[in-house]
Each structure stands twice: as structure tokens, then as C-alpha cells.
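The following report describes a single protein model, moving from individual residues to the chain as a whole. Please consult the sequence and the coordinates alongside the text.

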Amino acid sequence: MMYAAHLAATAGGNGNGFLSPTGVEIAFVLVGLATLGAALVTVSTKQLVHAALWLVVTLGGIAVEYLLLTAEFIAWVQVLIYLGSVVVLLLFGLMLTKAPIGRSPDADSGNRWVAAGVAGVAAVALVWVVVDAFRTTWIDLDGPVQGSTKVSGEILFQHWVLPFEALSVLLLAALIGAIVLSRRNSPAEDGVAGAKKGQR
């Protein structure tokens, strides 16, 4: 009994053990639940504009989670790239392709269970890969913060330069595709244009 009490006191350290979470840990869980709820609304709503706006809330919640993990650089990259670029690109795509503002009956393909199964398998695979990759990784508490600009910049520009550039090309291709789709005429408009050319 005394050994169990000593072990619990040792594990708790300054009294903030697993059963007595700190304010940061409570905020992390609450923000995580709110982010998960926003993500579920994003993929379940039938209004494309609302889905894009809920995506803003989801990505913003992830940025807050990074801040709570003291990874300020990653949090601001999340805000600048995802909130400032990807979501804006998505909204521009919705505007340029004349997407309906209200409810879209064709937004649901009827394959929710298949999509949920694929998402579940992907989530399990991702968790397994992350746990397996960092199983024996130790963090040097005396060194620089892992989410700091110095460490993140060294990792990004030494090991992840090619994926970073590939992502920028992908975003550019998506923007060009949205512009091409927005300028494409419908069959009725093509018929009207052909008739006008015939009259000339």
C-alpha cells in the first residue's frame, strides 16, 4: 500500500497527474472536442458554403491545439497556409464554379457508410504509423523546443523540401482547374454561340 502511494506521488510529480489535469490539458480536450464537432458538421452539411465555413472553424481549432502544445511556428503555418490559402482557394472555387448557395441535394452521394469505413481505416492506419514511428523517440527537454522556428525550419528545409514544393504546385493546379471550370460554357450556351456564328 505504501509502495503504491509512493509510486502515485512519484508519477504525479507536483500533483498534476493523470487524474488531476492542468488547465492547459482541459483546454486541449475541450478545443479538440469542438474541432471534432466542426469537422463532423463540415462533412455532413449539404450546403457547400457552410461546409467551407465550418472547415475554417476546424482548421482554426487545430491551430489552437498547436498553440496549446507550445508549437507556435506550426500554429501560424496552419493559419497562414490552410486558413489563409486553402480555404480562400476553396471559397474562390465555389464562387467561380457558380456553386449553389443553399442546400444541394446532390451533395450527398449516398455512400456515407463506405466513406465512414474508409475514414476509419485511414484513421487507424495513421495512428498506427505515428505510434510506431515515435515509439522510441525521446525529446530533449534541455534542447530547443520541438515546435520552435529553428527546429521546424531545419526539418522542413532539410528533409521536406520536395513535398513542400509539390504541395505548392498542387494548389496552383487546383486554382487553374477552378478557373477553367468556371469559364467552360454549358451545352445550351454552346448552342446559342453556334447559332450566332451561323447567322454571321
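Val57 is partly exposed, because its relative accessible area of 43% falls between the limits for buried (under 20%) and exposed (over 50%), as computed with a 1.4 Å probe on protein chains only. Val57 belongs to helix H3, residues 48–68; helices (H or I, at least four residues) and strands (E, at least two) are DSSP runs numbered from the N terminus. Between Val57 and Leu83, 26 residues apart in sequence, the C-alpha to C-alpha distance is 9.2 Å.

The model is predicted: local features need pLDDT of at least 70 and side-chain atom pairs pLDDT 80 or more, whereas totals for chains, interfaces and linings use all residues. Residues are numbered from 1 along each chain as its sequence is written, and side-chain values use heavy atoms, leaving out hydrogens and water.

Thr42 lies in helix H2, residues 23–44, and counts as buried because its relative accessibility is 15%. Contacts (heavy atoms within 4.5 Å) link Thr42 to Ala51, Trp54, Leu55 and Thr58, neighbours within four places in sequence being left aside. The side chain of Thr42 also has the polar atom pairs tabulated below. A polar contact is a pair of N or O atoms within 3.5 Å; within protein, one must be able to donate a hydrogen and the other to accept it, and residues adjacent in sequence count only if both atoms are side-chain atoms.

| Side chain | Backbone atom | Distance |
|---|---|---|
| Thr42 | oxygen of Trp54 | 3.5 Å |
| Thr42 | nitrogen of Leu55 | 3.4 Å |

A nonpolar surface patch is formed by Val88, Phe92, Met95, Leu96, Leu172, Leu175, Ile176, Ile179 and Val180, with about 760 Å² of accessible area together. Helix H4 (72–96) and helix H7 (161–183) are the elements that give two or more residues to this patch, and H7 supplies the largest share, five residues. Patch residues have over 30% relative accessible area and no salt bridge, nonpolar side chains (Val, Leu, Ile, Met, Phe, Trp, Tyr) being joined within 5 Å and like charges within 9 Å. A salt bridge places a side-chain nitrogen of Lys or Arg within 4 Å of a carboxyl oxygen of Asp or Glu. Phe92, in helix H4, is partly exposed at 42% relative accessible area.

The protein has eight helices and zero strands. Of its 200 residues, 14% are buried. Among contacts with a separation of 6 or more, 67% join residues 24 or more positions apart. The accessible surface, from the Shrake-Rupley method with a 1.4 Å probe, comes to about 15300 Å², 72% of which belongs to carbon and sulfur atoms.
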